[in-house]
Amino acid sequence: MTTPALEAQGISKRWPRTGAVLEDCSLRVERRTVHALIGSSGSGKSTLLRCLALLDPPDSGSIRVDGVLAAGEGAVAADPNLRRSIGVVFQEPSLFTHLTALANVALAPHRVLGLDPGDAHERARRALDRVHALHLGDRHPEALSGGERQRVAMARALAMEPTVLLCDEPTSALDPMLTREVMAVLRDLALDAGTTMVVVSHDMEFVTAAADSFDFLHAGRIRISGSVDRLGTRGVDDELDRFLQRS
Amino acid sequence: MLRALAPLLVLAATLVAAADDGLSRVRSTKVMRWGCDVSGGAPFAFPDPSDPDRVIGFEVEIAEELARRLGGRAERFSADWLALIDALEADRCDVLINGFEVTAERKRVVSFSTPYFRYAQQLVVRSEDRDRFTSLADLTGRPIAVLNGSASIESLDAAGVPPSLIVQYDDSLAPFTETILGRVDACLQESFISRFFAGHDPRLALVDATFDPGVYAVVVRKGDAALLNELNAALAGMQADGTLGRILQRWGLWDDAQPALGTQRGPVVATIPEAQGTPPEDGLPWTLVLWSLARAATMTALLTVVSMPIATLAGLLLAIAILHGPKPLSRICHAYVLVTRGTPLLVQIFLLYYSLPALGAWLGIPELLTWNKVVVGIVCLAANYAAYEAEIHRAALQAIPRSQWDAARALGFTRWQTLRFIVVPQSWRLSLPAIINDLNSLIKDSSLVSMIGVQELLAVALGIGKASFAVPSMLVAAAAFYLVLSLLADWFGQSLERRARAVRALPEPIHR
Ligand SMILES: Nc1ncnc2c1ncn2[C@@H]1O[C@H](COP(=O)(O)OP(=O)(O)O)[C@@H](O)[C@H]1O
Ligand SMILES: [Mg+2]
């Protein structure tokens, strides 16, 4: 068995006032596959994703990136080298407002990876091209639509050539028109052999078409996981059926 | 046995003290540093109305003559009058010659030479009150204006005038203008000042009877005995050979009271025109005056232009330390901001300026003593404004959403890289309007450093105004200069804001 790109074991997390949000969550994302995280609102998907992105430390459990222990007992605390091998696209695009779209994408390759500006820009252009946004490079973030912003945010994450790209409902802040635009790009990325992705999504059409495997979260626990084929058959789990019915 | 030794001990102590006293300093440097306040007005030491960059006055001439007789030249040290004794004690000058009346209270902290001038108190009233008020007794229950810190206050005190009726002003001209305006019914000052300011003014009348005579003397540090002896010898010489008499005559200050001090009149000399006082209607030499103001405005601009960038940068570092520094550093910086914002700038300027010599001695850096006043002024303004800028930066830094930090962290930026390349460039745009607003305040606050003698716009304008009876028009002129500086600051601020709003195309210029 090959080393998975991302592996989490027994992740638990509680917020001071909310109480337990994640309980004993384990998942495994193989290289060059697309993994979907599904579940109703408040089930803990974003919290799990932030743990996987090494932005918030889990209370217990461990996370391995490419086989390297990144969080959990014995891990080097918040190693930026490991963190940047995980790209994240958040629900809100959060572009850097003082930079053009191209500079948004080129900044981290230049400052974090230490590429010279010319190479950083070359990489940024390639990343923008992958999300069909090369023509937006000179734009001010405020002069972009919500969908365009989200695509630039994806390019920004891709330009770091991460081992895994994590996307947290990248369309939740968008209207249906823009959602379609972003989902199309996401789908292209997902179907592009070579990308490893974890996508939180409500869009079952997208999940069945583009994802290889899934985890279904309910009240902080992973209830069902496996190949997306399993989503076709009802009656495996009541909660999953109810969830599928709603979405 | 001990008794017999006492004179020897005193002698030994004197010798030890003499090793680095004022006199040996004056002798070795051939410079006598004398302190005065040039904004105190005529005829002491004041800007020449026809060439405001020059300081003239009878005490300027006395200082120059004394320095010459001590074997050196006179170097003027200017500071606010109330700060002069502190300046002397901080060794910023060797002597003070600026209308210091010999009083028992002052004798406790400093030493006085033999007197060089004898004055008496003289009342001035509005001319229409000439016959109504002919003595202090006629003014019972009425407010009387005086110069603050002057002997006139003690005279009124001794005469039983309640403090609430003694109205104090910062300069010698104001009591007269207040009398003319009717805010007070009389003013009391030394007779020659009353003559100088009120003698030519038809709106004012001098009350003939003078009272409470007193004397002016040179002030030296207590224990500076060798310098005091030399000064007394030099003064005695000036009194005997008519040099002092000549100076007093030139300035229209000679009267029957002077020979009582042992001063010889010498040959009769005419009063110089500068000693008469020129009323405003005779006109100011505006070209020269504006030129002086322009140069003083350059000083104000310099103070602002140097201290504001320092304050802005220091404020940013303080804010970052408060928000992101290790706990102890964060606490210290927060305390600095609280204390600096919570105490008056004026007090900070005074404390820093007058504690520098002691601080220099303690740290073993004697250079601190000779720190230029302008440098001290800039340090004070920058240190004070840094606290205000820190609060502006702090608010702006906190206004940058957490999601920006998350996005940066996910890309692998460290905390400091995030601040430097992502958060600060964005918060800077938010803080800029408030900082430009403070830049405008600083232009005007910079006038406070005139308290330690920096000749900036307001000090120069007031100095000229008082010497030529034109305080209101000089204040208007100064205000016009301030307005120009302020408009320039706004224009500069707007171009900065425009630049800050523009998005940067590239993380840094590409060198192809
Ligand atoms: N920073 C936080 N502090 C406290 N509670 C939080 C925080 N973030 C999320 N939660 C809580 O954790 C639970 C799961 O939230 P989330 O992971 O955002 O769910 P989902 O993304 O599946 O909608 C919710 O009840 C939410 O209120
Ligand atoms: Mg969520």
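At what angle do helix α11 and helix α17 of chain B pack, and how far apart are their axes? In this predicted model, α11 (residues 286-324) and α17 (residues 457-467) of chain B pack at about 155°, and their axes lie 8 Å apart. Axes are lines fitted to C-alpha atoms, for helices over the stretch in contact, and angles run from 0 to 180 degrees between N-to-C directions. The angle therefore makes α11(B) roughly antiparallel to α17(B), a term for angles over 145 degrees. Helices (H or I, at least four residues) and strands (E, at least two) are DSSP runs, numbered from the N terminus.

From α11(B), the contact (heavy atoms within 4.5 Å) is made by B:V289, B:S292, B:L293, B:A296, B:A297 and B:T300. From α17(B) come B:L457, B:V460, B:A461 and B:I464. Eight of these contact residues are nonpolar, two are polar and none is charged. Here Ala, Val, Leu, Ile, Met, Phe, Trp, Tyr, Cys and Pro count as nonpolar, Asp, Glu, Lys and Arg as charged, and the others, Gly among them, as polar.

Between the chains, 31 residues of chain A are in contact with 25 residues of chain B. The buried area is about 2600 Å², and carbon and sulfur atoms give 62% of that area. Buried area is the accessible area (1.4 Å probe) that two parts lose on being put together, summed over both. A:F96, A:H98 and A:R111 supply 27% of the area that chain A buries against chain B, more than any other three residues.

Eight residue pairs, both at pLDDT 80 or more, are in polar contact between chain A and chain B. A polar contact is a pair of N or O atoms within 3.5 Å; within protein, one must be able to donate a hydrogen and the other to accept it, and residues adjacent in sequence count only if both atoms are side-chain atoms. On the side of chain A that touches chain B, α3(A) gives the largest share, six residues. That side divides into 18 nonpolar, eight polar and five charged residues.

One salt bridge is counted between chain A and chain B. A salt bridge is a side-chain nitrogen of Lys or Arg within 4 Å of a carboxyl oxygen of Asp or Glu. The side chains of A:R50 and B:D406 form such a bridge (2.9 Å, N to O). Over all chains the count is 33. Among them is A:E7 with A:R28 (3.7 Å, N to O). A:E7 lies in β1 and A:R28 in β2 of chain A, so the pair ties together parts that are 21 residues apart in sequence.

Residues are numbered from 1 along each chain as its sequence is written, chains are lettered from A and ligands numbered from 1 in the order in which they are written. Local features need pLDDT of at least 70, side-chain atom pairs count only at pLDDT 80 or more, totals for chains, interfaces and linings use all residues, and side-chain values use heavy atoms, with hydrogens and water left out.

Key: Angles under 35 degrees count as roughly parallel, over 145 as roughly antiparallel, 65 to 115 as roughly perpendicular and the rest as oblique.
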